[in-house]
Amino acid sequence: CHGHGFRCVTTWGLHNCEGNESLQHHRENVLPQLLEDVNQTSLRAILELEQRTSSEIRKLEHLPTFAESLNKSTVDINQNLHELMRNMSTLSTSLAATATNLRADLHVLSVNITDVRKVAQIVAQFSRYVRLNGTGATTSQGRVEVLLNGVWGTVCDDAWDINDATVVCRQLGYNRALSAPRFARYGRGSGPILMDNVGCSGNEDQLSQCSFISNHDCGHYEDAGVSCA
């Protein structure tokens with residue numbers, strides 16, 4: 001039984017042939033199952049593709065927001081950098097001004113130090129020509145003794161007042177005179193009396209710049225003194 005779509009099994013007069021009935025059974029049972037499997041596979045593939053597509057679409061939906069955020073961050077960074085550069089410029093200008101002021105202050109300080117040294121030298125020079133001595137004498141009070149022509153001597157208290165004492169105190173480096181004692185308050189000196197009738201205005205730098213006389217009728221009981229502060 002070959003041909004025409006039949007398969008025959010022959011056994012000496014017996015046969016079992018499958019023909020149109022077997023084909024019909026295949027069409028009714030096997031093909032639908034096969035189609036169902038294909039459909040299920042295709043459906044799963046389509047669902048997976050839809051899921052991946054949806055996921056990618058959702059990612060793409062966030063791109064404008066991300067781009068906007070990135071752009072805002074970039075703007076903020078640029079603004080911060082600009083602010084930083086401006087602050088650095090301001091700081092640099094301030095430091096330069098401070099350095100300039102510091103140099104100016106150092107120059108003034110140097111000038112002042114120089115002036116102080118000059119004043120100290122002048123005071124030292126002037127103070128070499130006057131000293132305080134006597135009973136109870138200290139560096140700021142005592143009997144006035146002056147150096148004239150290489151000789152130390154005392155000052156007579158005739159016309160001696162606070163202006164004269166002020167000049168002596170200035171000559172010794174003090175700011176002012178507290179008093180101008182008379183009548184040998186700090187004891188009687190020895191040696192010559194070199195100045196009498198001293199007349200200072202109080203503005204002189206040293207006693208020798210004031211008016212005075214050398215001829216006198218004074219005794220050491222009239223030796224003048226000062227108290228300085």
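A disulfide is a pair of cysteine sulfur atoms within 2.5 Å. The structure described here is a predicted model, in which local features need pLDDT of at least 70 and side-chain atom pairs count only at pLDDT 80 or more, while totals for chains, interfaces and linings use all residues. Residues are numbered from 1 along each chain as its sequence is written, and side-chain values use heavy atoms, with hydrogens and water left out.

The structure holds three disulfides. With the bonded cysteines counted along the chain, their pattern is 1-5, 2-6, 3-4.

One of these links joins C169 to C228, with 1.9 Å between the sulfur atoms. The torsion about its S-S bond is -85 degrees, and the link is left-handed. Helices (H or I, at least four residues) and strands (E, at least two) are DSSP runs, numbered from the N terminus. C169 has 0% relative accessibility and counts as buried; C228 is buried too, with a relative accessible area of 6%. Buried means under 20% relative accessible area, exposed over 50%, and partly exposed in between, with a 1.4 Å probe and protein chains only.

C156 and C218 form another disulfide, their sulfur atoms 2.0 Å apart. Its S-S torsion is about -85 degrees, so this disulfide is left-handed. C156 sits in the loop between β5 (151-155) and α2 (162-171), and C218 in the loop between β8 (211-213) and β9 (225-228), so the bond ties together parts that are 62 residues apart in sequence. Both C156 and C218 are buried.

The link of C200 and C210 has an S to S distance of 1.9 Å. With 110 degrees about the S-S bond, this link is right-handed. C200 and C210 are ten residues apart, each in the loop between β7 (193-199) and β8. C200 is buried at 8% relative accessibility, and C210 is buried at 5%.

Charged side chains make further contacts. A salt bridge is a side-chain nitrogen of Lys or Arg within 4 Å of a carboxyl oxygen of Asp or Glu, and by this rule the count comes to four. One of them pairs D157 with R182, at 3.8 Å from N to O. D157 is in the loop between β5 and α2, and R182 is in the loop between β6 (177-179) and β7, 25 residues apart. D157 is buried at 0% relative accessibility, whereas R182 is partly exposed at 35%. R143 and E145 also form a salt bridge, with their closest N and O atoms 3.0 Å apart, and both residues are buried.

Helix α1 covers residues 20-127. Within this helix, R86 and E83 are three residues apart, so about one helical turn separates them. Their side chains meet in a salt bridge, 2.5 Å from N to O. R86 is partly exposed, with a relative accessible area of 45%, and E83 is partly exposed at 32%.

M88 also lies in helix α1 and is partly exposed, with a relative accessible area of 47%. Together with I77, L81, L84 and M85, M88 makes a nonpolar surface patch of about 510 Å². Patches are made of residues with over 30% relative accessible area and no salt bridge; like charges are joined within 9 Å, and nonpolar side chains (Val, Leu, Ile, Met, Phe, Trp, Tyr) within 5 Å. Accessible areas come from the Shrake-Rupley method with a 1.4 Å probe, and for residues only the protein chains shown count as cover.
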